[in-house]
Amino acid sequence: MKKKIIDSCINLVNKYYDYDDIKTAELRYGLESLYMTITKMIVAIILSIFIGVTKELLLLSLFYGILRLVMFGAHGKNSIQCWIMSMLIFILVPLLIKYSHVPKLIIIIIFIFQFFLIYKYAPAGTEKRILKNKKKKLVLKYASLFISTCYMFIITYFANDYWSNILFYSLLLSTIFILPITYKIMGVKYRY
């Protein structure tokens with residue numbers, strides 16, 4: 001089904017644009033990523049409805065997604081690994097958001113370490129997404145630090161436990177996925 005949908009989209013695009021093989025391969029990669037993201041989110045939402053964490057899943061997706069846009073980070077080596085990691089993240093973490101309490105002092109201490117890790121490792125590329133432009137990397141690094149600091153400021157001064165958990169776990173996950181050890185565990189190459 002996936003192949004049929006993607007091929008149909010590529011054929012539609014090829015009717016209007018004259019893409020070479022490289023551009024078509026890039027389009028295929030993007031469509032495959034989009035297809036996998038949409039199907040994973042549909043499954044995660046259905047599961048979250050059954051366990052009562054749909055709101056937490058959607059909020060985590062939003063705030064974690066914002067950080068991943070600028071920090072990048074490790075991706076699954078293959079679709080199966082990606083599915084397993086995604087389901088673990090998007091089901092277990094919403095449960096933690098809903099039912100755990102992390103004291104603000106602990107969050108602040110962890111954030112201090114995270115800040116230095118983000119400074120050192122963000123943005124973190126992959127083999128398929130190598131970050132070559134030094135200026136862009138610097139902009140993404142400072143955007144990562146700025147957004148992370150904003151999350152921490154909100155946690156410290158404005159957020160109740162529920163919102164603190166959403167922002168804290170979003171930041172924690174994003175930081176974990178930029179660490180070289182995570183790349184090693186997942187069997188993918190770290191590219192800075």
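Colleague: Read along the sequence, what pattern does the protein follow?

Modeller: The pattern is α-α-α-α-α-α-α-α, with 8 helices and 0 strands. Helices (H or I, at least four residues) and strands (E, at least two) are DSSP runs, numbered from the N terminus. Before going on, keep in mind that this is a predicted model: local features need pLDDT of at least 70, side-chain atom pairs count only at pLDDT 80 or more, and totals for chains, interfaces and linings use all residues. Residues are numbered from 1 along each chain as its sequence is written, and side-chain values use heavy atoms, with hydrogens and water left out.

Colleague: What does the C-alpha trace span along its principal axes?

Modeller: About 55 × 45 × 30 Å. Of the 192 residues, 39% are buried; buried means under 20% relative accessible area, exposed over 50%, partly exposed in between (1.4 Å probe, protein chains only).

Colleague: Which residues of α5 are buried?

Modeller: Ile107, Phe111, Gln114, Ile118 and Tyr121. Their cover includes α3 (54-71), α6 (134-157), α7 (161-176) and α8 (180-186).

Colleague: And how many residues of α7 are buried?

Modeller: 12 of its 16, so to speak mostly covered. Among them are Tyr162, Asn165, Ile166 and Tyr169. The buried residues of α7 pack against α3, α4, α5 and α6, where contact means heavy atoms within 4.5 Å.

Colleague: How are two packed helices described?

Modeller: By the angle between their axes and the distance between the axes. Axes are lines fitted to C-alpha atoms, for helices over the stretch in contact, and angles run from 0 to 180 degrees between N-to-C directions. Angles under 35 degrees count as roughly parallel, over 145 as roughly antiparallel, 65 to 115 as roughly perpendicular and the rest as oblique. Here α6 and α7 pack at about 155 degrees, with axes 9 Å apart. That makes α6 roughly antiparallel to α7.

Colleague: Which residues make the contact of α6 and α7?

Modeller: α6 brings Ser148, Tyr151, Ile154 and Ile155, while α7 brings Ser164, Leu167, Phe168, Ser170 and Leu171. By class, that is 6 nonpolar, 3 polar and no charged residues. For the classes, Ala, Val, Leu, Ile, Met, Phe, Trp, Tyr, Cys and Pro count as nonpolar, Asp, Glu, Lys and Arg as charged, and the others, Gly among them, as polar.

Colleague: At what angle do α3 and α4 pack?

Modeller: About 105 degrees, with the axes of α3 and helix α4 (residues 79-99) 9 Å apart. The two are therefore roughly perpendicular to each other. In α3, Glu56, Leu57, Leu60, Ser61 and Tyr64 meet Ile89, Phe90, Val93, Pro94, Ile97 and Lys98 of α4. This contact divides into 8 nonpolar, 1 polar and 2 charged residues.

Colleague: Is leucine 179 buried or exposed?

Modeller: Leucine 179 is buried, with a relative accessible area of 17%. You'll find leucine 179 in the loop between α7 and α8. Not counting residues up to four places away in sequence, leucine 179 touches Leu117 and Tyr121.
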